[in-house]
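Have a look at the structure first, then read through the points.

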Amino acid sequence: MSESIKVTVPDIGDFDKVPVIEVLVGVGDTVEKEQSLVTLESDKATMEVPSPVAGVIESLEVKLNDEVGEGDLLAVVKATADETEGEAPPEERAQAPAVEEATDSGQEAAPAPAPADDSGEHDFDVVVLGSGPGGYTAAFRAADLGLKTALVERYPSLGGVCLNVGCIPSKALLHTAQIIDEAAAMAEHGVQFGDPKIDLERLRGFKDSVVDRLTGGLGGMAKQRKIEVIQGVGSLTGPHAMNIESSGEGEGGQRSISFSKLIVAVGSQSVELPGIPWEDPRVMDSTGALDLEDIPQRLLVIGGGIIGLEMACVYSALGSDVTVVELLPQLMTGADPDLVRPLQKRISGRYKAIYTGTKVTSVKVADDGLVAYFEGDKAPESETYDRVLVAVGRSPNGNKFGADKAGIEVTERGFIEVDGQMRTNVPHIFAIGDVVGQPMLAHKATHEGKIAAEVCAGEKSAFDARVIPSVAYTDPEVAWVGVTETEAKEAGADYGVGKFPWAASGRALGIGRPEGFTKLIFDKATNRIIGAGIVGPHAGDLIAECALAIEMGAEAADIGLTIHPHPTLSESVALSAEVFEGTVTDLYIPKR
Ligand SMILES: Cc1cc2nc3c(=O)[nH]c(=O)nc-3n(C[C@H](O)[C@H](O)[C@H](O)COP(=O)(O)OP(=O)(O)OC[C@H]3O[C@@H](n4cnc5c(N)ncnc54)[C@H](O)[C@@H]3O)c2cc1C
């Protein structure tokens, strides 16, 4: 006999209500088992609610934009007869809908069986150490694949560097910086705004609220997936055992857990440059800079890489006189010099000074500030600042969790080497994210986290992405992916370049930013795109298309013949391909 099955809102973690953002079926529709019925939105992700049975939609109890809470009725599905006859209770899985049978069967959902492991005697199938973007992704994926999972994190808030003191808070502040700069630039367009009045407490509050929202969302999703989150510092005591020391107020103590498999996602930390008075509160690393204690009149940023330049951008817009000092001859080493030029030109006119090829030998505490001593042709011998931000790179945390107790090999610098499946030299232990090497980027960590979790669950996943994009969210943004022109040149590759200047882009002119350009690099033998670089507003968003093109093995004609919407900055990608092909009409290129 076919039964009517009520589909209700599953556990939505810490949220009372979440909106329905998609209704994917209508009354009378035939649905398969596991077919998504509606999509709900939580903070960090969307959640699709599937039908627990194959059948026909008998009634739909929600519509688009309705707010729903746990247990609310979403739909009733009339199960096809063979679906309900003799069927075992539905498995309870991550994000599976709470199922109530309309006929009061009283059956309880059964937990998904854990896949077989080496011994079956451990507390967890998988323990993930570290809850940054690599760690939480790995834990979520492992739980979604039915593994009994624990996530160990020393801080009360999940999300690691990226969510708490990295990507997310920095971008919240960079947005503010961008608006301040754009408002000022409007004067050129005939619209004058007054000087900005900055309420630091509210700005800090906004940034913190963004972080809280995302990290809270992670906590909720961990709970939904029945992941045990254990707060404390984890140290290995053996190949299958970990001790966790918690210092949380009222919850301090030790706990020992065992695992079949371990995913190490301990990340990295700021490098502490020697010769700097770190005990002085006016010396900051990126975390301190994101705290926004005050807006120093004179700020020295040591390190002209992505993090240093992003923070320089924020403080300059807020009113600091910024000096940037970089040891190497070029800002943002790794990017092609031509890509960095428009950024350097813009900030040279705004910052107090930019010293490349210059070393800070020491910083000393003086009555009127922090005195920095320089070694370099263009820099003065010394200069006094109100605050100093040190952003000279990050070092991996591989040597800080007792790796030796499990026999994990760690390099002298603290990196852990892994194979294509993210496996360390110890077969049941995996490592992902910043701790396994460059580039230290959140999107690399999340990608690796999924692979490690899938391999733990017995899947044949491996890292086979061709490229990992890099983005500096400075103003202008600088983004690149794949082979850079410098690398192609050094390798003696037979390559060609298609470059489209934004001065010829109607959209770029309309937003008053003609200084950017888009550059695509092609393998001349195949005409396939092998690299790209973009500088200008939204370069970080635009580079994604180039990454996809490289992954898909697109040829110049594929990109050029893809109709891009007009007028957008994205057109510059297609137009660059046309420049390479010699078919561009938006520029005049004399025939040779
Ligand atoms: C200011 C700044 C801005 C950034 N901006 C970007 C950006 O825009 N885009 C981008 O892609 N990347 C950015 N990054 C880099 C990005 O944050 C990292 O690449 C990313 O966070 C790495 O993720 P992960 O999972 O490897 O480790 P992490 O995020 O470093 O997380 C590791 C976690 O492990 C925990 N942990 C370590 N050891 C233990 C232990 N023994 N016991 C318990 N817990 C432990 C730590 O507390 C931490 O929460 C930025 C970084 C900074 C500092």
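**Notes on the fold and the ligand site**

1. Start with the contacts: counting those between residues at least 6 apart in sequence, 65% join residues at least 24 apart. Keep in mind that this is a predicted model.

2. Along the principal axes, the C-alpha atoms fill a box of roughly 85 × 60 × 55 Å. Buried residues account for 43% of the 592.

3. The protein has 14 helices and 33 strands. The domain assignment gives domain 1 (4-79), domain 2 (114-270 + 394-464), domain 3 (283-392) and domain 4 (470-581). Between the C-alpha centres of domain 1 and domain 3 there are 52 Å.

4. Now the ligand. Of the 36 residues around it, Gly130, Gly132, Gly160, Gly267 and Gly433 come nearest. Elements giving two or more residues to this shell are α2 (133-144), β13 (149-153), α3 (160-165), α4 (167-185), β15 (233-238) and α9 (442-456). By class, the shell has 17 nonpolar, 15 polar and four charged residues.

5. Helix α5 (residues 200-224) is worth a look too. Its 25 residues reach 36 Å from first C-alpha to last, close to the 36 Å expected. Buried residues in α5 are Lys207, Thr215, Gly217, Leu218, Met221, Ala222 and Gln224. Their cover includes α2, β13, α3, α4 and β14 (228-231). After α5 comes Lys226, with a positive phi near 60 degrees.

Technical notes: Residues numbered from 1 in each chain as written. Predicted model: local features only at pLDDT ≥ 70, side-chain atom pairs only at ≥ 80, totals over all residues. Near = placed C-beta within 6 Å. Helix = DSSP H or I, 4+ residues; strand = E, 2+ residues; numbered from the N terminus. Nonpolar A, V, L, I, M, F, W, Y, C, P; charged D, E, K, R; others polar. Domains from an automatic or database assignment. Expected span 1.5 Å × (residues − 1). Buried ≥ 20, exposed ≤ 12 C-beta atoms within 10 Å, placed from the backbone. Contact = placed C-beta atoms within 7 Å.
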